[in-house]
Amino acid sequence: MSKRITIDPITRIEGHLRVDVEVDGGKVTKAWSSGQMWRGVELILLGRDPRDAWAITQRICGVCTTVHAITSVRAVENALNLDIPVNAQFIRNMIISAHAIHDHIVHFYHLSALDWVDVVSALKADPIKTAQLAESLSDWPLNNRHVMTQTLEKLKTFVGSGQLGPFTNGYWGHPAMKLSPEVNLLAVAHYLQALDAQRHANKIVTLLGSKSPHIQNVAVGGVSNPIATDSQSVLTVERLLKLKMHMDALSDFIHKVYLVDIAAIGAFYADWTKYGAGVTNYLSCPDFPMDSKGTKFLVPGGYIPNADLAKYKPITAFGDAYLRDGVEEGVKHAWYKYSKPGPLHPYKGETTPEYTDFQDDGKYSWLKAPTFYGERAQVGPLSSVLAGVAAGHQPTINYATKVLDTASSLLGSKIPLAALHSTIGRHAARAVRCAVMQDVLQQNWQALIDNIGKGDVASFNKPTFPKGEIMGYGFHEAPRGLLSHWTVIKDGKIANYQCVVPSTWNAGPRDDTDKIGPYEASLMDNPIADAEQPLEVLRTIHSFDPCLACAVHVVEDNKEVVQVKAL
Amino acid sequence: MRVVILGVGNILLTDEGVGVHAVNELIARYDLPDEVEVIDGGTSGMDCLDQVSDADHLLIADAMRAKKEPGTITRLAGDQIPAFFKTKISPHQVGISDMLAALNFHGLMPRNIVLFGIEPLSFATAMELSPSIAARIPEVVDCLVAELKAIGIDARRKAA
């Protein structure tokens, strides 16, 4: 007999993602991913000054504030064909790479590690053995027996107090939990240390962006950080040195903890390289422009069809026509109506709601279904990493090789690059991307110092808006993948604005040809050991770092999250 | 002493952002001493962790759906707060609740926490509060000021 499992909501912060799966014979046979909240920010922007759009769009999402701010100014700058002082590019690059590092660390350790780590099992660990294991993997100074003993004591006190806090309602003892008590304890220790590590990333964003969580320093035309080597109130040498201190602390954590942990988890859960591939068309964009026009990037991006790296086609510059002309969004299965049939390009995008009930074969989501030249595409760190490998980007290749080699030696058999097309592979790719971001952060810091040293302190070019209609789009390889903002500006006011966000690519519903999206495809054939505790569904969905760009924060009465009914 | 006042909510969704509007109004109307930090937390969770960490007092203003009359202000304190934020959703969502839980596990929980929840009327897509909710903002500000006073902090009314 088959069963239908509904998980709603699947995340809290990002508002409302609902996933329905049908399970038959112990595995998923059908899946629906549904955004449960209408994102109408596009309508708020109509008629406003394009220079204000970034401050408003960074409120779309509670997790991805910075990325919308950056993408928004890039869209308006593209419409104006505006050059950006390189100092502004470097400062923006540092903010977004630090933000990405923060996001990746928090996502892995605080949002998704507990899908794989059994905290209660860690109580049975031998801290000495845990330290021996940890020290055999990495020379991280906080892997010693004192730290592991303290962690165990802390955990005992915490669990003993009855306040499980972040660990409430975990699937402890679930048959899909496979780690030894020692590995679980090690993961708990690193969970705590990650809390310290993420602060360094947050400090960098705050130091450069003036404020966190909502940065204040970007502007259409550059950044509002005046640069001076001798003034207290602006970006000074002292502040730049402080940034370096935080960057170095992050570097240690990423290299000695995160990359190692992900290899270990991958080795222990090697069976999860078989599940979760889903849609294997991968779309990413290049990022971290090092010139004022946005034609030279530190990290490549582009399109890979059908997991075939040989067919990689790069996206090369801001305003790139290949990306610009390939994107459409369909609403056949989304709660919107268009004024004409078929999908629409974002410049022509419409945001007219048409709510029905949840209809399995009809409309069932507030997310539209984006396509790239008619095909569904997966976005995210995995897409970026595969593009890096395809393009011969050496840092990406080096870190990916390191993770795969470490995991292979722990497993005792070779794990190929193709293993990345999977649930656990998305986690590994995120760690690889995080290490690349760390390099990018350091490179931009150095580039900024060098450029200031040459006497160039420009950080802003004033925009002027022409009469008549212009349009432009901005892209950013955000922590969750390709983010694009599209705007039409008429007489200096916004006439249309559409955000095509990473989670729309990944979590969107069936498209105009009824093809399922990446979340839905990734769930097919996932094993389900216990329908009442669908941990496996959460593993696969969480591997995307789910985020619906419509954060609702209001606190509601509790309701049952998992519903199971026999079909 | 270190005091953090955190306004949370999404200002793009009418009354969802009431907590943010309240703290903005507080700093518009009052001068606060240096030991008080006011944060527009938006819908972030972990991003505020650093500032909230180890504070002596944490005051939170937030929208709170408790099936009461719209505009109703509810004060919660101490043990009521973790229970209030407790979610059944999954073990690991990093909202305010999880930020607090993580701080707790780390031994860096703010020593005193008070939350003012305001019952919303509308979550429509707009940047302004509903008029009836906006009318309650001065009262929320008064609550925050009174709470500060109770812990010995004098918020000074700015000259009009």
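Predicted model: local features only at pLDDT ≥ 70, side-chain atom pairs only at ≥ 80, totals over all residues.
Visitor: Okay. At what angle do α6(A) and α7(A) cross?

Guide: Roughly 130°. Helix α6 covers residues 127-137 of chain A, and helix α7 covers residues 145-160 of chain A. Their axes come within 8 Å.

Visitor: So which label do α6(A) and α7(A) get?

Guide: They are therefore oblique to each other. The crossing is right-handed.

Visitor: Which residues meet there, α6(A) with α7(A)?

Guide: From α6(A), A:Pro127, A:Ile128, A:Thr130 and A:Ala131. From α7(A), A:Arg145, A:Met148, A:Thr149 and A:Leu152. By class, that contact has five nonpolar, two polar and one charged residues.

Visitor: New topic. What order do the strands of the open sheet in chain A take?

Guide: The order is β13-β14-β15, three strands with antiparallel pairing. The edge strands are β13 (469-478) and β15 (493-500) of chain A, and each pairs on one side only. From one strand to the next, the twist averages 15°.

Visitor: How many bridges join β13(A) to β14?

Guide: 10 bridges, with β14 spanning residues 481-490 of chain A. As one spot to look at, A:Glu477 stands opposite A:Leu482 in β14(A).

Visitor: Which helix lies across β13 and β14 of chain A?

Guide: Helix α3, residues 65-80 of chain A. It runs at about 145° to β13(A).

Visitor: Over to chain B. How do α1 and α6 of chain B pack?

Guide: At an angle of about 70°, with their axes 9 Å apart. That makes α1(B) roughly perpendicular to α6(B). Helix α1 holds residues 18-29, and helix α6 holds residues 137-150.

Visitor: And which residues of α1(B) and α6(B) meet?

Guide: B:His21, B:Ala22, B:Glu25, B:Leu26 and B:Arg29 in α1(B) meet B:Ile137, B:Val140, B:Val141 and B:Leu144 in α6(B). The classes are six nonpolar, one polar and two charged.

Visitor: Last one, B:Ile73. Which strand is B:Ile73 in?

Guide: Strand β5, residues 73-77 of chain B.

Visitor: Why does B:Ile73 count as partly exposed?

Guide: Because B:Ile73 has 18 C-beta neighbours inside 10 Å. A residue is buried at 20 or more and exposed at 12 or fewer.

Visitor: What is B:Ile73 in contact with, beyond its neighbours within four places in sequence?

Guide: B:Phe116, B:Ile118, B:Arg136, B:Glu139, B:Val140 and B:Cys143. B:Cys143 is 70 residues from B:Ile73 in sequence, and 9.2 Å away in space, C-alpha to C-alpha.

Definitions and conventions
Residues numbered from 1 in each chain as written. Chains lettered and ligands numbered in written order. Pairing = 2+ DSSP bridges. Helix = DSSP H or I, 4+ residues; strand = E, 2+ residues; numbered from the N terminus. Axes fitted to C-alpha atoms, helices over the stretch in contact; angles between N-to-C directions. Contact = placed C-beta atoms within 7 Å. Parallel < 35°, antiparallel > 145°, perpendicular 65-115°, else oblique. Left-handed = near helix turned anticlockwise from the far one by under 90°. Nonpolar A, V, L, I, M, F, W, Y, C, P; charged D, E, K, R; others polar.
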